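User: I am new to this structure. Please take a close look at one part of it for me.

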Amino acid sequence: EIRREYKNIDLIFLSQKNQFCIIIENKIHSTEQNGQLEKYRKIVEDEYNQFKHKIFIYLSLEDQSISESEQDQYLQLNYEHIIKLIQCII
């Protein structure tokens, strides 16, 4: 299942069968709002607490710094990373 803009979270990919979810916060020409990533992480941890695997991704056009409290929780990627991943797959 894929959810878009669920409780303002840009993308959530869910697999009930695999107990797995990926959360993507996508930033284009903007930055993290105060407390935004922590809020989204808590929503997911509360609503999908039965899931064993959760991956939180902060995706932006270019590298950005995110709140210190969330740096260990979110994987930071930029679009160049995504391009390289797609090229490797193709």
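How do β4 and strand β5 pair, and over how many bridges?

Analyst: β4 and β5 (residues 74-78) pair in the parallel sense, over five bridges. Two strands count as paired if DSSP finds at least two bridges between them. Strands here are DSSP runs of E with at least two residues; helices are runs of H or I with at least four residues; both are numbered from the N terminus.

A word on the source. This is a predicted model, in which local features need pLDDT of at least 70 and side-chain atom pairs count only at pLDDT 80 or more, while totals for chains, interfaces and linings use all residues. Residues are numbered from 1 along each chain as its sequence is written, and side-chain values use heavy atoms, with hydrogens and water left out.

Back to the strands. Phe56 stands opposite Tyr74 in β5. Tyr74 also touches Leu37, Tyr40, Arg41, Phe56, Ile57, Tyr58 and Ile66. That list leaves out residues up to four places away in sequence. A contact means heavy atoms within 4.5 Å.

β4 (residues 53-60) has another partner, β3 (residues 20-27). Eight bridges join β3 to β4, and these strands run parallel. Phe20 has His53 as its bridge partner in β4. Between β3 and β4 the chain passes through helix α1 (residues 36-47), and this β-α-β crossover is right-handed. Right-handed means that, with the strands pointing away from the viewer, the path from the first strand over the helix to the second runs clockwise.

Next, the core. The largest nonpolar core has 15 residues. Tyr74 is among those with the most contacts inside this core, along with Ile9, Leu14, Cys21, Ile23 and Val44. Such a core is a set of buried Ala, Val, Leu, Ile, Met, Phe, Trp, Tyr and Cys residues joined through side-chain atoms within 4.5 Å. Buried means under 20% relative accessible area, with a 1.4 Å probe and protein chains only. β2 (9-15), β3, α1 and β4 each supply at least two residues of the core. α1 gives the most, with four residues.

Now the whole chain. Two helices and five strands make up its secondary structure. From the N terminus the order is β-β-β-α-β-β-α. Buried residues make up 32% of the 90 residues. Among contacts with a separation of 6 or more, 47% join residues 24 or more positions apart. The C-alpha trace spans about 35 × 35 × 25 Å along its principal axes.

Conventions:
Buried means under 20% relative accessible area, exposed over 50%, partly exposed in between (1.4 Å probe, protein chains only).
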